[in-house]
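Subject: Structure for your review

Dear colleague,

Please find below the structure that I am handing over to you, together with its sequence. My findings follow directly after it.

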Amino acid sequence: LTACGAAGFCVSGVCYANPFISEYVEGSSNNKAVELFNPGSTAIVANTCSLKIYNNGHTQPNNSVALTQEIPAGGVLVVCHSSYNADSRDADCDITTGSLNHNGDDAIGLACDDGSGATLVDVFGQIGYDPGTEWSVNGINTRNETLRRKCDVTAGDLDGSNSFDPSTEFDAFGADAF
C-alpha cells in the first residue's frame, strides 16, 4: 500500500485515502456497529476493504466482513450486526451482518487490498491481547459504550500490536447511543 504514500493505497492506478473507524458501538445484546469514514476525495470501491474481528486476544481474525458498498468521498459507511435494534438498523445501517460479533475485549481491524494483499489501515484495540472484559482508561471503556473518534484524529492506527488507550482518540457516549 505504499504506491500512494503512507496515507493511502492504490487499486488499478487509482489512489484512495485510507479510511478509518470513526464510531464504535458495543451496546446491549447485539447492538453492535462500526462506522467507517473516508477522508479522501474519491469514493472507495466496494470489496476493496473489509473489517477483521479478532476475538478474545486472537492474532488471526475470527470473522471478516467484506464491505459490499462503496465508502463515499468524505462520507461514511455503517456496518451493523444483523440483529441490531430494528429502529436504528433500518435508518442508519448500510451493511448488516451476523459476523460483526465483537465485545468490549475484541480488536477490530480495517484492512484494504491494493491487489497484492490486504493491509491494516486502522485498528481498534490491540491484536493478540485480551484485556479481560474491556479496555478502560481515564473513564473511556470499550464495553457497553459508543465511542466516537475525536475530531482532531484524521487517520487510523496502523499498528495493531501497540497498546490501546481508547481515551487518547475516542469520546464516550454510553451504551446504545447511535
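His102 is buried in this predicted model, as its relative accessible area of 0% falls under the 20% limit. The residue belongs to the loop between β8 (95-97) and β9 (107-113). Its side chain reaches the backbone oxygen of Val25 at 3.0 Å. Apart from neighbours within four places in sequence, His102 is in contact with Tyr24, Val25, Glu26, Lys32, Ala33, Val34, Ile53, Asn55 and Ile108. For Glu26, the C-alpha atom lies 7.3 Å from that of His102, although 76 residues separate the two in sequence.

Strand β3 (residues 20-26) and strand β4 (residues 32-37) run antiparallel and are joined by six bridges. In one of the pairs, Glu23 has Glu35 of β4 as its bridge partner. Both strands belong to an open sheet of six strands with mixed pairing, in the order β8-β7-β4-β3-β13-β14. The edges of the sheet are β8 and β14 (170-172); each has a single partner strand, so one side of each is left without a neighbour in the sheet. On average, neighbouring strands of this sheet are turned by 20 degrees against each other, direction ignored. In general, the strands of a sheet pair through backbone hydrogen bonds, in either a parallel or an antiparallel manner.

Thr142 is placed in the loop between β12 (140-141) and β13 (145-149). Leaving aside neighbours within four places in sequence, the residues in contact with Thr142 include Tyr24, Glu26, Phe124, Leu147, Phe164 and Pro166. Tyr24 and Glu26 are also among the contacts of His102.

Two further loop residues deserve a note on backbone geometry. Ser29, in the loop between β3 and β4, has a positive phi of about 50 degrees although it is not a glycine. Asn144, which is likewise not a glycine, has a positive phi near 55 degrees and lies in the loop between β12 and β13. Ser29 is exposed, with a relative accessible area of 64%, whereas Asn144 counts as partly exposed at 37%.

Yours sincerely

Key: Residues numbered from 1 in each chain as written. Predicted model: local features only at pLDDT ≥ 70, side-chain atom pairs only at ≥ 80, totals over all residues. Heavy atoms only, no water. Helix = DSSP H or I, 4+ residues; strand = E, 2+ residues; numbered from the N terminus. Buried < 20%, exposed > 50% of the residue type's maximum accessible area, 1.4 Å probe, protein only. Contact = heavy atoms within 4.5 Å. Polar contact = N/O pair within 3.5 Å; in protein donor to acceptor, adjacent residues only side chain to side chain. Pairing = 2+ DSSP bridges. Axes fitted to C-alpha atoms, helices over the stretch in contact; angles between N-to-C directions.
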